[in-house]
Amino acid sequence: MPARTVKVASTSGLHARPAAIFSQSASEQPVAVTIETADAGPVKASSILMLLTLNVDHGDEVTLRAEGEGAEESLETLATLLETNLDKEFQGS
């Protein structure tokens with residue numbers, strides 16, 4: 001099963017707006033993606049409520065996993081989002 005470990009760049013971690021943006025993108029992927037921390041998970045990446053239970057802060061590492069056709073591309077898309085400071089990126093939205 002393909003996996004990617006990334007460091008969360010958003011200043012608020014995976015809370016509020018960054019969690020909403022990330023879960024929306026995860027729900028648009030052609031495969032189911034899970035996300036986990038060293039202490040919790042895995043949970044469905046498309047579920048904002050499950051994301052919030054992970055309590056991911058700025059600089060924390062998370063691991064994404066997916067299986068099936070399009071898994072690598074989905075992981076790349078979601079990893080890129082996590083490596084972006086979504087708080088700053090969408091500040092004016």
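This is a predicted model: local features need pLDDT of at least 70, side-chain atom pairs count only at pLDDT 80 or more; totals for chains, interfaces and linings use all residues.
Visitor: How many bridges pair S1 with S4, and in which sense?

Guide: S1 and S4 are joined by five bridges in the antiparallel sense. Two strands count as paired if DSSP finds at least two bridges between them, so the five bridges of S1 and S4 meet the rule. Residues are numbered from 1 along each chain as its sequence is written, and side-chain values use heavy atoms, with hydrogens and water left out.

Visitor: Which strands does S2 pair with?

Guide: Strand S2 (residues 33-36) pairs with strand S4 (residues 61-66) over four bridges, in the antiparallel sense. Strand S2 is also joined to strand S3 (residues 43-44) by two bridges, again antiparallel. Strands here are DSSP runs of E with at least two residues, helices are runs of H or I with at least four, and both are numbered from the N terminus. Val 33 has Ala 66 in S4 as its bridge partner, and Ile 35 has Val 43 in S3.

Visitor: What lies between the strands in the hairpin of S2 and S3?

Guide: Six residues lie between the two strands, and in this hairpin Gly 41 takes a positive phi near 105°.

Visitor: What makes Glu 76 and Arg 4 a salt bridge?

Guide: The side chains of Glu 76 and Arg 4 meet at 2.5 Å, N to O. A salt bridge needs a side-chain nitrogen of Lys or Arg within 4 Å of a carboxyl oxygen of Asp or Glu, so the 2.5 Å of Glu 76 and Arg 4 qualifies. Glu 76 belongs to helix H3 (residues 71-82) and Arg 4 to strand S1 (residues 3-7), so the contact ties together parts that are 72 residues apart in sequence.

Visitor: How many salt bridges does the whole structure hold?

Guide: There are two. Besides Glu 76 with Arg 4, Glu 36 forms one with Arg 65, where the closest N and O atoms are 3.0 Å apart. Glu 36 sits in strand S2 and Arg 65 in strand S4, 29 residues apart. Glu 36, at 17% relative accessibility, counts as buried, whereas Arg 65, at 29%, counts as partly exposed.

Visitor: Which residues touch the most other members of the largest nonpolar core?

Guide: They are Phe 22, Val 33, Ile 35, Leu 64 and Leu 82, in a core of 25 residues. A nonpolar core is a set of buried Ala, Val, Leu, Ile, Met, Phe, Trp, Tyr and Cys residues joined through side-chain atoms within 4.5 Å. Helix H1 (16-27), S2, S4 and H3 each give two or more residues to this core. H3 supplies its largest share, six residues.

Visitor: What does Phe 22 touch, residues up to four places away in sequence not being counted?

Guide: Contact means heavy atoms within 4.5 Å. With those neighbours in sequence left out, the contacts of Phe 22 include Leu 14, Ile 35, Ala 45, Leu 64 and Leu 82.

Visitor: Is Gln 29 buried or exposed?

Guide: Gln 29 is buried, with a relative accessible area of 17%. Gln 29 is found in the loop between H1 and S2. Not counting residues up to four places away in sequence, Gln 29 touches Ser 74, Thr 77 and Leu 78.

Conventions. Buried means under 20% relative accessible area, exposed over 50%, partly exposed in between (1.4 Å probe, protein chains only).
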